[in-house]
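Take a look at the chain below. We will follow its charged pairs, then turn to one helix.

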Amino acid sequence: MVTAICWKECRLVAPEQNTMTEKLTLTFDGTENIKGNVNINYKGESRTDLLNRITATRKDNLQKTLTNYLSEANHNYEIEGLNTAALLGTDSLLNIKYNFSQKGAASAFGKEIYFEPDFRKELGNFTIDTAKRELDMVLPYKMNLLTETSITIPAGYKVNQLPANKEWKHPNIQVSVNYTMKGNTIEYKKQIRIPDITLKKKSFVEWNRIMKELNNQYHEQIIFEKQ
């Protein structure tokens, strides 16, 4: 429950004070497997939210709980070099780094490789049941989610297709998804910004439209073709 004090404070906070930034570099291992490294910074409410999800568990299970959280409980996503000591610190900025490998992250058919670059797909299924929901909704907190992924083009392949860049703007949410080519890498950047946590009932239909289009965007694939 949001207290009156928290309600007032939450309304004054800018989304940038709750920024979560995830930077990834990844390469293909063979055709369908990928590996890389991840660097995530949590600030403000994004940090608090992570700690609430993780530290409620017993300390002897902390490593496993954090690993499951970061891997989205995907058993094909293996994490190495993760240090949980930072979770117990008092710094306002929480930084987590690790290396990973993921089996079956892409699909290979003939001379082509199909790959969805966004692993987390935040808010992809966050639609509202307009038939049951009768009141306005209060979102968890103002947020600013940034994803920056550098993808090395597989050796011997070229880019046959990139998904289109997209942007959505609404009083409650702003989303941008962008792809750019830089030499032998693809730069994928995404921002999800929630500046207003009070989602009015009259906005439910528009919110659902954006969420469905964002979810469809998440499943758009980069296509690599063997040269």
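**Salt bridges and a helix**

The structure holds 10 salt bridges. A salt bridge here is a side-chain nitrogen of Lys or Arg within 4 Å of a carboxyl oxygen of Asp or Glu. This is a predicted model: local features need pLDDT of at least 70, side-chain atom pairs count only at pLDDT 80 or more, and totals for chains, interfaces and linings use all residues. Residues are numbered from 1 along each chain as its sequence is written, and side-chain values use heavy atoms, leaving out hydrogens and water.

Start with Glu16 and Arg193. Their closest N and O atoms are 2.7 Å apart. This pair links distant parts of the chain, 177 residues apart. Glu16 sits in the loop between helix 1 (4-12) and strand 1 (19-29), Arg193 in strand 12. Helices (H or I, at least four residues) and strands (E, at least two) are DSSP runs, numbered from the N terminus. Arg193 is buried, at 19% relative accessible area; Glu16 is partly exposed, at 33%. Buried means under 20%, exposed over 50%, partly exposed in between (1.4 Å probe, protein chains only).

Next comes Lys190 with Glu122, at 2.3 Å between the closest N and O atoms. Lys190 lies in strand 12, Glu122 in the loop between strand 6 (112-115) and strand 7. Both residues are buried. Salt bridges with shared partners also join Glu22, Glu72 and Arg120 into one network.

Now find helix 4 (residues 204-218). Its buried residues include Phe204, Trp207 and Tyr218. The buried residues of helix 4 pack against several strands, among them strand 11 (173-182) and strand 12 (185-194). Contact means heavy atoms within 4.5 Å.

Note on methods
Expected span 1.5 Å × (residues − 1).
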